[in-house]
Amino acid sequence: MYTFTCSEMLFRKLIFFLFLADNSLVAGGMDKETSLAWIICDTQLFVWSYLSGTVPKNCFVLQLPSSVVGDRIVGMKYTNGRNWMLCAVRWDVSSKKVFEQCNSAGIILCNQETGAVVYWPDIYSESLNAPVVSLSEPQSKESDISARHERYQSFIVSAMPGSSQECIALACRSTGGLFLFKFSPSGIHCQMVFHDVLAGNSNSSSQMNELCARSLVWHPQYTYSDDSGRQFFLLTDHEIQCWNIVFIPNINVKKLWSHEIVGNDGHLGIKKDLAGQKQIWLLDMQLDDRGKEFTILVATSCKDRVSSSNYIQYSLLTMQYKPGCSTKTSWSMNERLLEKKAPLQTVIPKARVEDRGYLFSTRIRVGGKPSGSVIILSGDGTATVTSYWKGSSRLYQFDLPWDGGKVLDASVLPSIDDSEEGAWVVLTEKAGVWAIPEKAVLLGGVEPPERSLSRMGSLNESVVDEEKKSQKTGGNTVPGRPGSEAWGSGDRQRVALVGKTAQDEEAEALLSRLFHEFLFSGEVQGVFEKLGEKGAFLKEDETNVFARMSKSIVDTLAKHWTTTRGAELVASAVVSSLLLDKHQKHQKYLQFLALTKCHEELSSKQRRSTLIIMEHGEKLSSMIQLRELQNMLSQNRKYLSDSPSSHAQAEASGSLWNLIQLVGEKARRNTVLLMDRDNSEVFYTKVSDIEELFYCLSHHLEYVIGGGQPFIIQMQRACELSNACTTLIQAAMHYRDEHRNWYPSLEGLSSWNCHHVVRSGLWSLASLIMHLLKEVQATDMSVEQEMWSQLEGLTDVLLDAYTSSITAKIECGEEHHGLVEEYCQRRDELLDSLYDLAKRLTEMKYQESHLSEEDLERREAIFRELTEPLLLIAKRHEGYQTLWQLCYDLSDTGLLRTLMHESLGPKGGFSYFVFKQLMKSHQCSKLLRLGEEFQEELAIFLKEHKDLLWLHELYLKQFSSASETLHAVALSLDDGPPLMTEEEPEMVQLKRSPSLADRRRLLNLSKIAAVAGKDKSFETKTRRIEADLQILKLQEEIVGHLSDDREDINRPLPPGELIEVCLREASKKVCLKPFEVFAWTSSSFRRSNRSLLEECWKNAASQDDWIALLQVSTAEGWSDTVVLEALRETVLYKASSWCYGPESQIHGGGFEEVMPLQKDDDEFSSIKDETLSVEGILMQHKDFPDAGKLMLTAIMLAKVGGDHAPVEEHMAMDSR
C-alpha cells in the first residue's frame, strides 16, 4: 500500500486515469459522515474530501492488495461501481471546528461478488495505514442466478465505543443472511448472525429469482437502552425491520420489531393486488438526519388495460413513527409503530420496463436542497432530483455540457446552520465532484410525463389536491415534497422557498428587457403601463419583481474571475472594479424607476419592496467601502517585505481576511454558486447577503479572532473587525442620508442594520473588546486609544440599531418590552466600559505630561476632552448613569442642570434620575435646592417621598397641600420620615425613627399649615388634627401603663389596635382609655366598631365588685346621697361621664348615634337585640340580677352630671 499527501499533480493523475480507463472498471462513491469521495481506478483507490471547492489538498492513493485483485475477480464487471462497496468510519468525532474536516478515518472496502474485505485502520496515519485483508471462502455456484443471490447487498459500519481503530460492520446478503464483521489493526473476524432475516415469515413474496434483502441503514442517534447500543434498519422485499446491536460487554444483535409495507392494508403502506398491478419492488430506503422519517423508493410493474402495454411506475413512500413511538424502549413484535406520513407520491408515472439487475441497482439519497427533495441514482449512471414545486412533482436530471461520464454516487454538503439542508453534490466518472444549485433544480425541473389512463393514476391524486391548494393561495409558496413536508404535522418548521409564478417570470423578463433598452437608448415611453399589465406591482417584499431585479444587479457574478489565483484575485483591482460597475448600474436602475413613475407607485403601495431596493444600494456602498478598507490594510502590511509572495501573504492575513473567507465559505456551501469559486469571490459577489458577515461574527468570533493568540494580538484583530463593521454601517447610513428623498415612509419598517443578526454580531464583537479590556489592564497608550475609538464606534452603531428596531416594533404594535430591556442592559454595560476606559486613558495621558506638581485643571481638561463623544452618545441614548457619573466626578452642577433641562420627564427623564440618585445617597438638601429650578418635576417625584414633599410644598406656598402631607406623614404606619439635623451634612445618615412626640410636632406643623392655607375646610381639618393629637397623647399614656414593652412605642397604633391593647391589659389604669380613644375618633369608626365598643362596656362593668357594694350599702343603711357618692368612684360612672356626660368631648357626633345609654321601651319594643344600648349590655352582666339598680344608677348619674334630682327620683320609684 502506498499513501501520499496528494498535491495537485497527484489529483490530476487521477483525472488522467479516469479518461483513459475502461468505464466498466471504474467504481466510486461518497460518504456523507466523513465527507470523503472515493474512486477505484485500475488497482488504486483514490480518497479525498469533497468539501474543498478547489483541487483537493489532501488526497490519498491506496494500493489494493494483490490478493483481492488477482484471478479471483478477473473478468468481473464493475457495474456502476456496485461490485465494490466502501464505508468510512470517523475517529475524530469530538472535533468542533467551524468547518469540520475529517482528520482521522478508517476505510473498509468490500467486494459484493467475492466477499473480499480490506481494512485500512487510519488513512491519515503513517503508522496505521497497512491494509488488513479477509478473503471469504468461494461460494457454491450451481448457476449464475444462484451466484448472484449470494452477493452482499448492503454494508454499514460503526465505531466501537471506547476502542481505538476498532469497528464493526453489518452486511446483508441478497438471500437474507445477516453477517457481523469485527475490524481491528490486527485482523478481521466475520460471523453469520442470522441465516435468514425472513425466517418464519409467511408473508414474504420473495422467490429464488428475486432479492429479499435490500438495504441497511443506521439510526442517526444512539436511542436504545444506553450508549453502548445502536439501532439499525433493514429493508426487505416487503417490510422494514428494526434491529439493535449492543457493543458492551459482548456484541449481541437482536431484532426489535418489523413493519409490513406491501400488504393488504393500504393505510399501513402499499396495497397490493390492485387492478393493473403485477408486482411491487421495494428498491432502497433512506432515513433522515433526525431518525424519524423513512423514505422508500418503490417500483411497480403495471399493465395498461387499454393498450395492454407494460410499464414501470416509480414512487416514493414516506413513513414516520406514530406519536410517542420513537422514544419507546420496549415493543411487541406485532406492534405497528410506523404510519404513512403522506400518500404515495408518484415520481415517474410511466417508465420503460427494465430488468431486475437495473432495478435493484437503483438507489436514493435524502436531505438536500430544495427542502424535501430526493435524488434517484439509477443503474445506467443518471442522477435525477425529484422535488415538489408549485403543487406538482418536478424532475431535474443532472447533466454537463460535456461528457462527464456516469454518476457514481451523490451526497449532501454539510450546512453551517443545522436547521437547514445542504446542496446536492454528485460524483461523476470523468468530471469529479459537482454541486447541483438549488436554483437549477427549481427552475430546470420539468413535470413527469402524462399519467396512464389506468387506475394507477389514482396514486397521484394527493399531488392534484396540493396543486389546487397552491393555486388558491396564489402560487407564491413552494412546499416541500408531499411525503416529507406537505402533510407533516408536529415536525420542525423549515423555511419555505419562495418561487416565481409564470406571471412573475414574464414580468421579470419584461422588466429586464425594458431596463436594458433604457441603458442603451434612454427611452421610457409606456414602461409603466406595460409593467402594470404584467402584474409587476402586485407582490410585496422580496418577491416583488423590482426587488428581484435590484438583487440580481448587486449579486451579479463576474464571469471573468478565475479560481486558481487565490489571494492574488482579491488583491487585484477586479473586485473593486466590479463593485463600482454594480454601483453605477444600480444608480441607473433607480433613475429608470424614477423616470418611469415606478418608484412613485412602489413608494406609495409597496413600501417594503422600495426599502429593499434602497437597501441593496446601501449594502453595495458598504461593500465598496469594505473593499477599500481591505486594500488599505493590505498596503499597511506590505511595507514589511517587498517580495511578491509577501504581498500575497499580507493580503491573505488578518482577522478581516479570515472573516471574509468564513462568510464566503458559508455562502458557497449554502447557495452553491459553483464549487470551484473562491470564497473571497463569493463574498464580494453576494452583496445582498451582507448580514451573513454579522452572523459569522456572532457564531464564530473566537475562530476569526484566534482565541489562542496573546491578548495584544487579539486586541489588534478585534479592532480590525470593529473598524470593518463600523465602516460597513456608516457607509450604509451615508448612502441613506444622500438618497433620503428616494426612501418611502419608514413607519413600521425595520432596516437591515437593525435586524437581530446584525445586532448579535455587533454585540459579540463589543463583548469581546470589553472582555479584553478587563483582562489586560496595562498596555501601550496607542492600543488603548485604538480600543477606545473602536468601542465607541461599535457602541454608537449598535445602540442606533436597537433604537430603530424598538421604534419599528412600537409603530407596528408588536411586543417590545423584552427588546427594550436588552437594549438598556447592553447600553449600560457599553457606556460603563467606555467610561472606565476613558479614566484609564486620562491617567495615561496625564502621566505623559510629566508635570512636577499636581495639576487638577490639566487632568480635568484631558478627561473632558476624552469623554465628549461619550457624553453625546449617553445623551442620545438616555445613558443617565453615565451622565450622572460624569457630572459627579467633574463636580459640575452647571452641566448637571443643563442636562436636566434637556431631558425632562416625570418618569423617564434625566431630571427624575438625578432626583433618585440624590434620594438614594440621602443628599436631601441638594435635592430640595433643585426644586427651586425644577419645581413641577420635583413635586411629581416627591409624591413617592412624602417625608420631603411637605418641605417642597411649603417652598411653593401650597400650605393646604403641605398640611395634608404632614398629617399623612405623622400618622404613617412605617418608620416615618428620617429625622435630620438642621445643619445637614453632604451625606445624611439616618439618626433614629420618629417618636410619638416627634409625630405630635408634625401634627402641630400640619395644624399651622392648615391655618396658613385657610381653605374652605381648614376648620374641619384642624379639628381632625387636634383629635389625632389627643389619640397620640393617649397612646403615650397607655404605653406607659403597660406591664410589658411588646408594643413599639414609636409606631402610631391604629385606634382599633390601641383599644384592643387596653382590653388585653385588663387593668383598671387603662380600662377608661378605650372610651377616650373612641371619643377622639369619628362617628363612622364607632359605628363600624360597635362590637368593640360593647367589649369596652363589658370590661368597664367588670372592674368593680357590685355585689360587695350592694351588701355594704344595705348592711350599713347608706342614704341615697352616700350611695351616689360611692357610685361616682366606679368605672361605669367615669366611662358614662366620658361618653354621655354634659362635659364630654366627642369628635364627629355623639355616642347616642351609635349606642344610646338606656333603651326606650316604646322605641325598642320591636327590636329583639337588647345590646343596642348600654343598659342592654349591662343586663347581660352576671351581677345585674342583684346589683342592676346600682349599675343603671351609675350610668344615669354620669349623664346628668351635678344634678342629682332625677337620679334620686329614679331611685325612689325603684324602691317603691
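Biologist: Why is H922 called partly exposed, and not buried or exposed?

Modeller: H922 has a relative accessible area of 34%. Buried needs under 20%, and exposed needs over 50%. The value of 34% falls in between, so H922 is partly exposed. This is a predicted model, and the area is computed from it.

Biologist: Where is H922, and what is its phi?

Modeller: H922 is in the loop between α25 (910-920) and α26 (924-930). Its phi is positive, about 60°, although H922 is not a glycine.

Biologist: S35 also has a positive phi of about 60° without being a glycine. What makes S35 buried?

Modeller: Its relative accessible area is 7%. The limit for buried is under 20%. Therefore S35 counts as buried. S35 is in the loop between β1 (26-31) and β2 (36-41).

Biologist: Which peptide bond is cis, and how do you know that?

Modeller: The bond from K369 to P370 is cis, with omega near 0°. P370 is in the loop between β24 (363-368) and β25 (373-377).

Biologist: What is E1175 in contact with, beyond its neighbours within four places in sequence?

Modeller: E1175 is in contact with L1157, Q1158, K1159 and L1192. Contact requires heavy atoms within 4.5 Å. L1192 is 17 residues apart from E1175 along the chain, and their C-alpha atoms are separated by 6.9 Å.

Biologist: What makes T867 buried?

Modeller: T867 has 4% relative accessibility. That value is set against the limit of under 20%, so T867 counts as buried. T867 is found in helix α22 (residues 856-876). Leaving aside neighbours within four places in sequence, T867 is in contact with A838 and L886.

Biologist: How do you know that M319 is buried?

Modeller: M319 has 0% relative accessibility. Buried means under 20%, so M319 is buried. M319 is found in strand β21 (residues 310-321). M319 and L344 are 25 residues apart in sequence, and their C-alpha atoms are 9.9 Å apart.

Biologist: Which residues of α36 and α40 meet?

Modeller: W1106, I1107, L1109 and L1110 in α36 meet D1186, A1187, L1190, M1191 and A1194 in α40. By class, the residues of this contact are eight nonpolar, no polar and one charged.

Biologist: Which residues make the contact of α7 with α11?

Modeller: From α7 come L511, L514, F515, H516, F518 and L519. From α11 come K585, K588, Y589, F592 and L595. The contact has eight nonpolar, one polar and two charged residues.

Biologist: How many residues has the largest nonpolar core, and which have the most contacts inside it?

Modeller: The largest nonpolar core has 101 residues. L626, L693, F694, L762, F910 and L927 have the most contacts inside it. Helix α20 (residues 781-812) gives the largest share of this core, eleven residues.

Biologist: What does L693 touch, not counting residues up to four places away in sequence?

Modeller: L693 touches L626, L659, V663, F683, C725 and L728.

Biologist: Which residues does the second core include?

Modeller: The second core is separate and has 51 residues, including V1061, F1078, Y1133 and L1178.

Biologist: What percentage of the 1216 residues is buried?

Modeller: Buried residues make up 53%. The protein has 41 helices and 32 strands.

Notes: Residues are numbered from 1 along each chain as its sequence is written. This is a predicted model: local features need pLDDT of at least 70, side-chain atom pairs count only at pLDDT 80 or more; totals for chains, interfaces and linings use all residues. Side-chain values use heavy atoms; hydrogens and water are left out. Helices (H or I, at least four residues) and strands (E, at least two) are DSSP runs, numbered from the N terminus. Buried means under 20% relative accessible area, exposed over 50%, partly exposed in between (1.4 Å probe, protein chains only). A nonpolar core is a set of buried Ala, Val, Leu, Ile, Met, Phe, Trp, Tyr and Cys residues joined through side-chain atoms within 4.5 Å. Ala, Val, Leu, Ile, Met, Phe, Trp, Tyr, Cys and Pro count as nonpolar, Asp, Glu, Lys and Arg as charged, and the others, Gly among them, as polar.
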